[in-house]
Amino acid sequence: MFGWEFPPHNSGGLGTACYGLTRALSSAKVHVTFVLPKKLDGIAHGFLRIVFANIRNVKMRSVQTLLHPYINAELYDEYLRTMPENKLYGLSLFDEVRRYGLQAKTIAMEEPHDVIHAHEWLSFRAGIEAKRVSGKPLIVHVHATEFDRSAGNPNQYVYEEERKGMHAADCVIAVSQHTKNIIVEHYGVASEKVIVVHNGIDLDQHRAHHLPALAHIRTQGKKIVLFVGRITIQKGPDYFIKVAQRVLEYNPDALFIISGSGDMEYQIIRMAANMGIGDKVVFAGFVRGEELNQLYRAADMFVMPSVSEPFGLTALEALANGTPILVSKQSGVSEVLTHALKSDFWDIDDMADKILSVIESKGLHDTLGELGSRDVEHLTWESAAGKCTTIYKELIR
Amino acid sequence: MPSICFYFQVHQPYRIKKYRIFDVGHDHEYFNDKSDTDINNEKILHKVAKKCYLPTNALLLELLNKHPEFKISFSFSGVLLDQLEEFSPETLTSFQKLVKTGRVEILDETYYHSLAFLYSKDEFVRQVELHRAKVKKLFGVTPTVFRHTELVYNNELAKMVEGMGYKAILAEGWDNILGWRSPNFVYQSPSTTTIKTLLKNYRLSDDIAFRFSSQSWSGWPLTSEKFAQWVNSVNGNGQVVNLFMDYETFGEHQWEHTGIFDFMRALPGELLKHPDNDFITPSEEAARYPVVGEFDAHDFVSWADVERDLSAWRSNAMQHEALHNIFSLETEVLASGDKKLIEDWRKLQTSDHFYYMCTKYFADGDVHKYFNPYDTPYEAFIAYNNVLHDLKWRLAEVAKNKPSTKKPSVPKALKTKVSLKKAVPKKPATKKVPKKKSPSKSKTD
């Protein structure tokens, strides 16, 4: 299996997904060798053999690279300018991808395997190279497409990498029907080759005793509306601010918290200030683990106004913590959830109406929270791993 | 022996349009959706009239003419009658034609198809009176049998309705209460002395209403011969067979192509082939058959869902909150003297609104989903809750426009003096109470 990030070194849902899936696969007696492009500390997991691409014949390998899943070409240039010379591994993001591919060849020769499973476009080339060496079936797992990340203005190179990977693969896994539709429509992949495997959630992590954060704010009667995600065009933070303004016209006690970081951060801060709601929008920065669970619990409501969301694990995390959610209809999670509010991301009035209803009605809040937290129980990684196993068996046969 | 009693419930609610918080204070028309969706009340009424009411009325008239022994009964909600008058007078005329045959009985219920009994006995009585007056006006008859919203029933209700002068009340013949006993006899609540309880034979009723077109059911396809045989087999171990169902069964729940009309067309003839069978109306049933045992309903029983309880309208926190909120406005709304406001408040009591908020089985896509014009129970609640905000806004406006000296004293005085005291003497004052009450009614109107 080729990936690029893994907890605790993840910057988004992708690492969480790879962790959940591989753990469930190993419980199902599937032996997974997980390849990462760069050496990371503290990443040893009992259930998984992890290989780092740049050190051969050694169990733990490391490679110094700038590859990370949510990088785009402009950001990469920025990194190149600011990173110390000796830490640079390649010349550009695309060289990194190429290099990962070359290393994959060697790894494919050394590591015994029956199928190759590559996560996300950065590892597609590695998957293709591995397949060229071993001749084993290739599955590419699409957690997001360039159309999602760029909100409809794809980078041509990234698009090409994705497209090549999908066409070279024997099977494409999409994390939702929403994503499958994009793959079929924009990448010209035959519908029958694309199989939807919805992500799951590891409930134990979220069902522990997490005390809600921000007790001082809550006791003041403030109602907390939470956004968790990268502050980038795909996630719709600008719509979140517009909705906040509309809600505040009707309920000045609402407080909007944005947790995450990203390329639109300053723009969003300015936007809130210009609208005169700067004091009602709080930026919590990137938060993870226990702290994030406390934040979910502190919130009266979680809102995910993504413009295009392949899945949306944070929505499940909020529900697992018993927090009612409003998600955009342009999201994968909206397909699998019943007890969630859904709106079009652009429909500010509809979203504001729903948020106001939840923060002002205990009955609605409690029903959504209670039934929603039960709703996520059937969304397990075991179920996702089961579907993957079926795909493996089909391909090996 | 069995006397067959057909009773059809005819009801359509005033569904609330998509109403947002931003509409509060601007838009006071809650029920006037004109879209192509299923919350457009006029559209739905026309659809149901065309698929069910008009063809079924024609069929029943044909059967009444053909079989002098045939009899049926109806209960119309007041809100359905209002919508017929407004949107489809020809349907109302065809119902009136049926009643004129003299073999079609009409039952009473709450005008607004409400659950007021659970929250305000006074309001319950007022709505029954309004219904009685409406039936008298449109059909020229005064019902003597009562059926409560969705067949919600308990001992307390039976006692109350007895006090209002009714001779019989309908209920679900539910196994949890009957135990080994058969619903095919007349029963009585232990809390009453004169009123009789007529029990729905839910197996035979639901064979028609729910299972008729179900191909996975062992009884499918259901023919009138087969059904008549099942009814005949009651001979010797029952006196009545009460077939109670929604009128929309014909043509709307069971579509025409399922053969439901042909089934019904042939059924009276088939049933009459057995010399011991006959047809009766609920009031005749109460008059003719003696009470054989107690039907002791401490808890509420209804005809909804497999649970046969109140959970279809009152199980989640949203439903509890919405019901609590609407009824907590009673004193203030009635004191406003604003006729339109009072009527809107009552239309918002219709049980369907709370049914739409039900989350039971919501994920399974069962009947709750089929009968829900909203995408989700949450959308139903949000629209309802926003409308309540507007209702409160209107109440505040009324209070503002009243002379300022009155403002603080009026609601409190009403709460203690009028509504509570009114309620107390009414209940023991037995049979003629409904007529005595008309002065109080005109006040609230």
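This is a predicted model: local features need pLDDT of at least 70, side-chain atom pairs count only at pLDDT 80 or more; totals for chains, interfaces and linings use all residues.
Guide: Welcome! Two residues are in contact if their C-beta atoms, placed from the backbone, lie within 7 Å. In chain B, 77% of the contacts between residues at least 6 apart in sequence join residues at least 24 apart. Residues are numbered from 1 along each chain as its sequence is written, and chains are lettered from A and ligands numbered from 1 in the order in which they are written.

Visitor: What average pLDDT does chain B have?

Guide: pLDDT is the predictor's confidence in each residue, from 0 to 100. Chain B averages 90, and 89% of its residues score at least 70. Residues 405–445 of chain B stay under 50, and the model has 36 contacts beyond four places in sequence for them. For the model there are also ipTM 0.83 and pTM 0.86.

Visitor: How many helices and strands does chain B have, and how many does chain A have?

Guide: These elements are DSSP runs numbered from the N terminus: helices are H or I with at least four residues, strands are E with at least two. Chain B comes to 19 helices and ten strands, while chain A has 17 helices and twelve strands.

Visitor: What share of each chain is buried?

Guide: The rule counts other C-beta atoms (placed from the backbone) within 10 Å of a residue's own: 20 or more is buried, 12 or fewer is exposed, and in between is partly exposed. Of the 445 residues of chain B, 48% are buried; of the 397 residues in chain A, 52% are.

Visitor: Which residues of helix 8 of chain B are buried?

Guide: An α-helix has 3.6 residues a turn, so residues three or four places apart point the same way. In helix 8 (residues 224–232) of chain B, the buried residues are F227(B), A228(B) and V231(B). Seen down the axis of helix 8 of chain B, they fall within an arc of 100°, so they line one face of the helix; the arc is that of the directions from the helix axis to the C-beta atoms. On the face turned away from that buried side, helix 8 of chain B carries the exposed residues E225(B) and Q229(B). The cover over the buried residues includes strand 1 (3–10), helix 7 (202–209), strand 8 (240–246) and helix 9 (260–272) of chain B.

Visitor: In what order do the strands of the open sheet in chain B stand?

Guide: Two strands pair if DSSP finds at least two bridges between them. The open sheet of five strands in chain B has the order 4-5-7-6-10, with mixed pairing. Strand 4 (145–146) and strand 10 (291–294) of chain B each have a single partner strand, so one side of each is left without a neighbour in the sheet. Strand 4 of chain B runs parallel to strand 5 (residues 168–172) of chain B, and two bridges join them. F146(B) has I169(B), in strand 5 of chain B, as its bridge partner.

Visitor: Which domains is chain B divided into?

Guide: Domain bounds come from an automatic or database domain assignment. Chain B is divided into domain 1 (3–294) and domain 2 (317–444). Their contact takes 38 residues from domain 1 of chain B and 32 residues from domain 2 of chain B. On the domain 1 side, helix 4 (121–139) and helix 5 (155–163) of chain B each give two or more residues, and helix 4 of chain B gives the most, with seven. That side has 17 nonpolar, nine polar and twelve charged residues. Here Ala, Val, Leu, Ile, Met, Phe, Trp, Tyr, Cys and Pro count as nonpolar, Asp, Glu, Lys and Arg as charged, and the others, Gly among them, as polar.

Visitor: How many residues does each chain bring to the contact between chain B and chain A?

Guide: The contact takes 16 residues from chain B and 16 residues from chain A. On the chain B side, helix 11 (317–328) and helix 16 (377–401) of chain B each supply at least two residues. Helix 11 of chain B gives the most, with five residues. The chain B side divides into ten nonpolar, four polar and two charged residues.
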